[in-house]
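The structure is shown first.

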Amino acid sequence: MNTHLSILSEIKAGNYKVLARTLTLVENDIAPADSILRSLDSKTDVPVLGITGPPGAGKSTLVNAITNHFVAEGKRIAILAIDPTSPFNFGSLLGDRIRMAGQFNNPNVFIRSLATRGALGGISAKTIEMVDVLKAANFDLIIVETVGVGQSEVEIAGLADKTIVVLVPESGDEVQHIKSGLMEIAGCFVINKADREGADTFANNLKKIVHQGVKTIPILKTVADKNMGIDELCKWIIKPELFDHNRKAFLFAEKAWKLIQHQKLQHIDKKRLREKIQAALKKDDFNIYRFADKFGNNG
């Protein structure tokens with residue numbers, strides 16, 4: 001049997017060690033990652049839930065509470081936590097994961113952290129590939145958690161079947177600035193830390209903004225660290241969506257665009273690029289556009 005096919009059958013059987021190793025191969029473009037990806041069924045019907053929102057909104061605590069709810073019902077959950085990356089060391093910041101420490105020994109929960117590697121909006125071709133590998137592992141739900149900063153919320157929509165935008169009562173100004181992008185993609189707004197002052201006023205203001213839109217977007221209040229409002233939120237999560245063929249085609253086109261983009265840039269060696277830039281900057285007539293043309297053609 002082909003190596004990649006035996007790897008896939010192990011993943012389908014729920015072998016977490018093989019799944020973790022496969023995700024590492026895919027994340028780092030190590031063989032047989034290519035063959036594995038090309039053997040996947042991209043139409044696998046595992047729901048993907050996107051959770052986004054500004055830093056400090058309590059997304060990890062909310063993910064933890066949602067996971068506890070579904071695990072108590074005997075469901076298997078995969079969590080892909082996308083961490084903002086330092087542009088200088090390209091490491092993944094794992095601070096938030098501490099809040100999920102209780103889940104690490106749970107046999108029905110699989111957690112993986114992924115550095116964005118500077119991808120705008122935190123959704124890179126790697127994220128798409130890793131979610132597709134997770135889909136092959138027969139989970140009941142895949143949760144993708146990402147930090148939303150402005151436009152980046154819109155990025156998660158290209159990946160998730162349903163998207164939750166998490167806000168806190170202090171997010172008032174933020175909503176005004178990014179409301180068009182948020183309205184586009186939010187399947188549900190969650191006001192977390194709703195026991196804080198100003199939560200009801202904020203919820204009412206948000207409702208007014210939402211009602212100006214074409215679709216009705218539910219606004220739910222939670223206090224994730226006290227498990228308040230989680231049952232209602234989980235009911236919304238499992239509620240079947242009306243199937244929209246146009247949206248499906250749009251999502252797959254977005255995915256294909258990202259994958260093609262990634263393949264075209266794969267031959268570019270970042271280290272060499274930095275070295276060449278350093279040398280080019282010493283010249284008086286340096287022009288970034290001419291430099292990019294030359295480097296793109298010659299590598």
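## Overall organisation

In the protein chain, 78% of the contacts between residues at least 6 apart in sequence join residues at least 24 apart. The coordinates are those of a predicted model. The chain contains twelve helices and seven strands, and 44% of its 299 residues count as buried.

The seven strands form an open sheet with parallel pairing, in the order β3-β2-β4-β1-β5-β6-β7. Strands β3 and β7 (219–221) stand at the edges with a single partner strand each, so one side of each is left without a neighbour in the sheet. From one strand to the next, the twist averages 20°.

Helix α4 (residues 59–72) packs on this sheet, where it touches β1 (48–52), β2, β3, β4, β5 and β6. The direction of α4 makes about 170° with that of β4.

Strand β2 (residues 77–83) pairs with two strands of the sheet. Seven bridges join β2 to β3 (residues 109–115), and the two run parallel; within this pairing, Ile79 stands opposite Ile111 of β3. The pairing of β2 with β4 (residues 141–146) is also in the parallel sense and extends over six bridges. Here Ala78 has Ile142 of β4 as its bridge partner.

How many of the seven residues of β2 are buried? Seven of the seven are, and the strand is thus mostly covered. The residues Ile77, Ile79, Ala81 and Asp83 point one way from β2, while Ala78, Leu80 and Ile82 point the other way, and all are buried. The buried set therefore includes Asp83, whose relative accessible area falls under the 20% cut-off.

Elsewhere in the sheet, β5 (residues 162–167) and β6 (residues 188–191) run parallel and are joined by four bridges. In β6, Cys188 is the bridge partner of Ile164.

## Helix packing

Two packed helices are described by the angle between their axes and the distance between the axes.

| Helix pair | Axes come within | Crossing angle |
|---|---|---|
| α1 (residues 3–12) and α2 (residues 16–27) | 8 Å | roughly 125° |
| α4 and α9 (residues 230–238) | 10 Å | roughly 75° |
| α11 (residues 270–280) and α12 (residues 288–298) | 12 Å | roughly 135° |

The axes of α1 and α2 cross at roughly 125°, which makes α1 oblique to α2. The crossing is left-handed. Ile7, Glu10 and Ile11 of α1 meet Val18, Leu19 and Thr22 of α2. By class, this contact has four nonpolar residues, one polar and one charged.

For α4 and α9, the crossing angle is roughly 75°, which makes α4 roughly perpendicular to α9. On the α4 side, the contact is made by Leu62, Ala65, Ile66, His69 and Phe70. On the α9 side, it is made by Ile230, Asp231, Leu233, Cys234, Ile237 and Ile238. The residues of this contact divide into nine nonpolar, one polar and one charged.

The axes of α11 and α12 cross at roughly 135°, which makes α11 oblique to α12. This crossing is right-handed. Helix α11 contributes Arg272, Leu273, Lys276, Ile277 and Ala280 to the contact, and α12 contributes Ile288, Phe291 and Phe295. By class, the contact has six nonpolar, no polar and two charged residues.

## A covered helix and an exposed loop residue

Helix α5 (residues 125–135) is mostly covered, with eleven of its eleven residues buried. Among these buried residues are Lys126, Glu129, Asp132 and Lys135, as well as Ile128, Met130, Val131, Val133 and Leu134.

Asp41 lies in the loop between α3 (33–38) and β1. Is Asp41 buried or exposed? Its relative accessibility is 53%, so Asp41 counts as exposed. Between Asp41 and Ala136 there are 95 residues of separation in sequence, yet the C-alpha to C-alpha distance is 7.6 Å.

Conventions:
Residues are numbered from 1 along each chain as its sequence is written. This is a predicted model: local features need pLDDT of at least 70, side-chain atom pairs count only at pLDDT 80 or more; totals for chains, interfaces and linings use all residues. Side-chain values use heavy atoms; hydrogens and water are left out. Buried means under 20% relative accessible area, exposed over 50%, partly exposed in between (1.4 Å probe, protein chains only). Two strands pair if DSSP finds at least two bridges between them. Axes are lines fitted to C-alpha atoms, for helices over the stretch in contact, and angles run from 0 to 180 degrees between N-to-C directions. Contact means heavy atoms within 4.5 Å. Angles under 35 degrees count as roughly parallel, over 145 as roughly antiparallel, 65 to 115 as roughly perpendicular and the rest as oblique. A crossing is left-handed if the near helix is turned anticlockwise from the far one by less than a right angle, and right-handed if clockwise. Ala, Val, Leu, Ile, Met, Phe, Trp, Tyr, Cys and Pro count as nonpolar, Asp, Glu, Lys and Arg as charged, and the others, Gly among them, as polar.
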